[in-house]
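I opened a notebook to keep track of what I looked up in this structure. The entries follow in the order in which I made them.

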Amino acid sequence: MACKIYVEVTARFDQEGSVIPENIIWEDGRRFEIDRVLDVRPAASLKAGGCGIRYTCRIRGRDTFLFLEENRWFVEAKKAQRR
Amino acid sequence: MRGDSLHRVILHADLNNFYASVECLHRPALRNLPVAVCGDPNLRHGIVLAKNYPAKKFGIKTGEVIWHARQRCPDLVVVPPDYSLYLRFSRLARKIYLDYTDQIEPFGIDEAWLDVTNSSSLYGNGEKIADEIRARIKYELGITASVGVSYNKIFAKLGSDMKKPDATTIISPNNFRDLVWPLPVSDLLYVGRATEQKFRRYGIKTIGDLAGASQYFLHFILGKWGDILWSFAHGQDTTPVAPFGEEGIIKSIGNSTTTPRDLENNNDVKLVIYLLSESVAARMREHGFKCRTVQIHVRNCDLAVFERQGKVATPTHISSEIALRAMELFHANYRWEKPVRSIGVRGTDFVTEGTPVQVSLFINEAERKQKEDLEHTVDGLRQRFGHFIIQRGIMLKDRKLTDLNPKEEHVIHPETRRC
């Protein structure tokens with residue numbers, strides 16, 4: 001089952017006030033660059049349990065959801081990834 | 001078409017098992033287990049506030065005490081409420097409604113009426129809008145809603161109760177006799193326990209019975225409410241859905257609490273009344289109001305409730321004046337046959353702070369001004385250093401009773417037109 005992991009994110013704020021995430025920094029310090037943001041919409045995460053603005057991000061060729069919940073970011077991670 | 005009640009399109013959206021749904025969304029592991037959101041039993045708030053569908057299957061009811069619910073379902077998962085989270089979801093749902101209309105009237109934290117009469121040309125008919133709203137709530141918030149679609153508020157509300165969860169029910173002028181009239185009369189808004197009992201005496205059990213009764217007769221037994229309920233039963237309710245934001249007009253400010261132990265005597269009650277009055281007065285000052293009427297709400301340990309209200313001599317937001325009036329009301333109306341379980345203080349009948357008042361020869365206005373200044377100072381101190389930085393001496397008499405900060409800790413549900 002997936003779990004909710006809050007992550008550190010670096011993001012760019014453009015002139016219009018939109019927020020575009022650029023990097024995700026994993027718990028162990030690894031940095032993942034977001035190659036492209038494919039979609040942005042409000043959505044719930046049933047897997048991780050939460051809701052917010054959902055960014056569909058392409059990271060190293062794979063599509064991942066990144067959620068902005070109020071003012072915190074989280075991802076849906078597999079349990080194994082946590083260790 | 002505006003103003004023509006027959007053509008209004010009113011939706012009533014009800015977020016299903018709201019507290020429990022939000023909790024289950026955030027705790028995926030609990031989703032298929034019976035879950036109940038309950039208050040803290042140690043503070044004697046241990047009743048079921050909401051439950052999910054698996055818990056409902058065990059016959060668990062909202063308002064039931066925890067131990068009773070556990071007898072029916074020993075594996076019941078009990079979670080504490082997180083009001084700030086529920087308020088966030090309520091706000092998010094309202095944001096979705098705002099995409100379709102600006103006439104949104106919230107009814108509690110999880111329900112709202114929407115008048116979409118004038119949006120139909122943009123977004124399709126009532127059913128289409130209702131389905132879209134449901135789909136968005138499910139997708140964007142991860143919880144479900146039931147929506148009633150009708151041509152008046154009363155039937156829209158009944159509709160949202162008919163099919164759950166995640167369903168749209170349409171009550172039209174053509175089908176309301178089949179759908180609404182077989183329902184028990186107590187399902188109708190404003191028919192509470194007392195009215196239901198009265199109706200039962202005259203053999204009125206369903207909404208259809210009510211519709212079939214003579215209006216003259218209903219007026220005779222219930223006064224003007226008889227006429228109103230009769231017109232509700234016929235779908236002739238024409239009350240408008242308030243425009244968004246208008247619910248912000250504050251008509252009263254109140255705080256209440258169920259105390260950690262029963263209150264046994266006037267001194268106990270005095271402590272709690274002072275505690276609540278301070279919060280009520282501080283909140284009135286925050287909004288720039290003074291009240292002309294003080295209300296109290298008392299529930300004894302058998303759960304019997306009464307409310308009383310009385311005028312104050314001059315409009316006030318001084319906590320000691322509110323507390324004194326509340327105590328007077330309490331003394332005049334309570335005979336101490338039973339200990340008191342919960343108590344509430346409310347200020348109402350507002351004037352704005354700057355309204356000129358007739359000063360009295362018999363009231364020391366200079367002293368009142370001093371008291372006002374003092375309370376403003378206390379507000380300032382508390383804002384900077386926290387609630388417990390300064391307190392009345394009386395609060396130290398029983399720390400267990402007074403160890404709460406009603407202003408911040410007691411979230412009052414955003415009930416319509418109350419604050």
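**Entry 1: where the chains meet**

I began with the contact between the chains, which takes 9 residues from chain A and 8 residues from chain B. I noted that this is a predicted model. Next I asked which elements give two or more residues to the side of chain A that touches chain B. They are β4 (36-45) and β5 (50-59) of chain A. The largest share of that side, 3 residues, comes from β4(A). I then sorted the side of chain A that touches chain B by class and got 6 nonpolar, 2 polar and 1 charged residues.

**Entry 2: chain A as a whole**

I listed the secondary structure of chain A and found 1 helix and 7 strands. Read from the N terminus on, the elements run β-β-β-β-β-β-β-α. I looked up the box filled by the C-alpha atoms of chain A, and along the principal axes it is roughly 40 × 25 × 20 Å. I also checked the radius of gyration of chain A, which is 12 Å. A compact globule with 83 residues would have a value near 12 Å, so the two agree.

**Entry 3: the sheet of chain A**

In what order do the strands of the open sheet in chain A lie? I read the order as β3-β2-β1-β7-β6-β5-β4, 7 strands with antiparallel pairing. The edge strands are β3 (31-33) and β4 of chain A, and each pairs on one side only. From one strand to the next, the twist averages 40°.

I picked one pair of strands to follow in detail. Strand β1 (residues 2-13) and strand β7 (residues 72-78) of chain A run antiparallel and are joined by 6 bridges. Within this pair, A:Lys4 has A:Glu76 in β7(A) as its bridge partner. I then noted that a helix of chain B, α6(B), packs on this sheet and touches β4 and β5 of chain A. The direction of α6(B) makes about 110° with that of β4(A).

**Entry 4: α6(B) and its neighbour α4(B)**

I stayed with α6 (residues 126-141) of chain B and looked at how it meets helix α4 (residues 83-98) of chain B. Their axes come within 10 Å and cross at roughly 140°. The two helices are therefore oblique to each other. The crossing of α4(B) and α6(B) is right-handed.

I wrote down the residues that make the contact. From α4(B) they are B:Phe89, B:Leu92, B:Ala93, B:Ile96 and B:Tyr97, and from α6(B) they are B:Ile133, B:Arg136, B:Ile137, B:Glu140 and B:Leu141. By class, the contact of α4(B) with α6(B) has 8 nonpolar, no polar and 2 charged residues.

**Entry 5: a sheet in chain B**

I moved to an open sheet of 4 strands in chain B, with the order β9-β12-β10-β11 and antiparallel pairing. Its edge strands are β9 (252-263) and β11 (305-316) of chain B, each pairing on one side only. The twist averages 20° from one strand to the next.

β9(B) is joined by 8 bridges to strand β12 (residues 340-352) of chain B, and the two run antiparallel. In this pair, B:Leu263 stands opposite B:Val340 in β12(B).

Two helices on this sheet went into my notes. Helix α14 (residues 319-333) of chain B packs on the sheet and touches β10, β11 and β12 of chain B. Its direction makes about 140° with that of β11(B). Helix α13 (residues 266-287) of chain B lies across β9, β10 (289-300) and β12 of chain B, and runs at about 155° to β9(B).

**Entry 6: α13(B) against α14(B)**

How do the axes of α13(B) and α14(B) cross? They come within 8 Å and cross at roughly 135°. That angle makes α13(B) oblique to α14(B). α13(B) passes α14(B) in a right-handed crossing. On the α13(B) side I found, among others, B:Ile273, B:Tyr274 and B:Val280, and on the α14(B) side the residues include B:Ile322, B:Met327 and B:Phe330. The residues of this contact divide into 10 nonpolar, 2 polar and 2 charged.

Definitions and conventions:
Residues numbered from 1 in each chain as written. Chains lettered and ligands numbered in written order. Predicted model: local features only at pLDDT ≥ 70, side-chain atom pairs only at ≥ 80, totals over all residues. Pairing = 2+ DSSP bridges. Axes fitted to C-alpha atoms, helices over the stretch in contact; angles between N-to-C directions. Contact = placed C-beta atoms within 7 Å. Nonpolar A, V, L, I, M, F, W, Y, C, P; charged D, E, K, R; others polar. Parallel < 35°, antiparallel > 145°, perpendicular 65-115°, else oblique. Left-handed = near helix turned anticlockwise from the far one by under 90°. Rg over C-alpha atoms; globule rule 2.2 N^0.38 Å.
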